[in-house]
Amino acid sequence: MDLTVVVPCFNEQDGIPRLHAELLRVLPGVAPDYEVVAVDDGSTDRTLPRLRELAASDPRFRYLSLSRNFGKEAAVLAGLRRAHGRRVVIMDADLQHPPELLGRMLAVLDSGHDQVVACRDRSGEPLSRRLPARFFYRLLNRFCEVRVPDGAGDFRMLTRRAVQALLALPEQHRFSKGLFAWIGFDTAHVPFRGGARQGGRSRWTWRALVEHGADGLFSFHRKPLRGAGCVGALVATAGAVQALRELAGGGPLLAPVLLCAAGVQMLLLGVVGEYLGRIHLETMGRPHFLVKESGGLARGIGGSAG
Ligand code: UDP
Ligand code: MG
């Protein structure tokens, strides 16, 4: 098998038939021996019936349906586990990732890379999205052990060994951009202009963006913990200085200082809580997703959990 296309789908009843048609047009010329693995991530619309229809009509089309909405990262993981291709490409169902690019990505991958990342040119996006994104990547890259370039999303093609490396990472909180960077290997970038979403709605509410950002920051380095200690030390020193001033007959600044110190303590508790929450999740060792149905897959539903 030359290529597996993994497509996470959450409420993509219109997107998925469109993407399928596009793939049928493009892929035979690029990688004739291919498969599509679509993962229904607990959609509430008619995505699953659409997937069943497509799998019935096209032997190269396979699907999994998760027992509920587990989030895109889990859906991608589910797809990667079922991929048989020597190379695997992950793409969105909403045609924001142009299938025309696949030929180019394949050529670059075969020229000796293990990952080819399609980097979205953000210039067409509204400033309200571009600025927070830029700020987030600056912050992340400043402290992170691995480099995560802005615009490098999940539209990427991997060799089998990169996929295996990724699948060997067991963590629950999967900040995939960070994981892709963490596994290393030779990575090439191919720029592209992302179009507007075709139908459906984006999952990126502000809340989802903030949560995703926290995942990135807290899963990928321990600096916040160390920083917490530093801030604690600073506040303690300030407190000591203040006490000395009081002793020497200074003004009654005690109340604001106490307030400030209490605030900082709570902030630091929050940081520790972030880690604690993550450790808690990891130690439970729950599977990342559960599969309730699959179709067209050579290997049935066996081992569906995890
Ligand atoms: N998706 C998913 N599970 C979710 C949310 C999204 O599988 O809980 C899929 C969605 O169907 C799409 C891809 O992930 O194929 C990207 O989602 P979206 O288009 O909402 O994100 P954006 O393009 O705005 O980054
Ligand atoms: Mg999208």
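**Close-up views of a predicted model**

A236 counts as exposed, because it has 11 C-beta neighbours inside 10 Å. This is a predicted model: local features need pLDDT of at least 70, side-chain atom pairs count only at pLDDT 80 or more, and totals for chains, interfaces and linings use all residues. Residues are numbered from 1 along each chain as its sequence is written, while chains are lettered from A and ligands numbered from 1 in the order in which they are written.

**View 1. A236 in helix α9.** A236 sits in α9, residues 223-247. Helices (H or I, at least four residues) and strands (E, at least two) are DSSP runs, numbered from the N terminus. For burial, C-beta atoms are placed from the backbone: 20 or more others within 10 Å make a residue buried, 12 or fewer exposed, and counts in between partly exposed.

**View 2. The open sheet.** Eight strands line up as β7-β5-β6-β4-β1-β2-β3-β8, with mixed pairing. Two strands pair if DSSP finds at least two bridges between them. β7 (187-192) and β8 (291-295) are the edges; each has a single partner strand, so one side of each lacks a neighbour in the sheet. The twist averages 20° from one strand to the next. Angles run from 0 to 180 degrees between N-to-C directions, and axes are lines fitted to C-alpha atoms, for helices over the stretch in contact.

**View 3. The β5-β6 pair.** β5 (residues 115-120) and β6 (residues 152-159) are antiparallel and share four bridges. V117 stands opposite R156 in β6.

**View 4. Helices on the sheet.** α2 packs on the sheet and touches β1 (3-9), β2 (34-40), β3 (61-66) and β8. Its direction makes about 155° with that of β3. Helix α4 (residues 101-110) lies across β4 (87-90), β5, β6 and β7. It runs at about 160° to β7. Contact here means C-beta atoms, placed from the backbone, within 7 Å.

**View 5. α1 against α2.** Helix α1 (residues 15-30) and helix α2 (residues 47-57) pack at about 30°, axes 9 Å apart. The two are therefore roughly parallel. Angles under 35 degrees count as roughly parallel, over 145 as roughly antiparallel, 65 to 115 as roughly perpendicular and the rest as oblique. I16, P17 and H20 of α1 meet T47, R50, L51 and L54 of α2. By type, the contact residues are four nonpolar, two polar and one charged. Ala, Val, Leu, Ile, Met, Phe, Trp, Tyr, Cys and Pro count as nonpolar, Asp, Glu, Lys and Arg as charged, and the others, Gly among them, as polar.

**View 6. α1 against α4.** The packing angle is about 30°, and the axes of α1 and α4 are 9 Å apart. These helices are therefore roughly parallel to each other. V26, L27 and V30 of α1 contact L102, G103 and L106 of α4. Five of the contact residues are nonpolar, one is polar and none is charged.

**View 7. Two positive phi angles.** N11 is not a glycine, yet its phi is positive, about 50°. N11 lies in the loop between β1 and α1. It counts as buried, because it has 20 C-beta neighbours inside 10 Å. F185, also not a glycine, has a positive phi near 70°. F185 lies in the loop between α7 (176-183) and β7. With 13 other C-beta atoms within 10 Å, F185 is partly exposed.

Definitions and conventions
Two residues are in contact if their C-beta atoms, placed from the backbone, lie within 7 Å.
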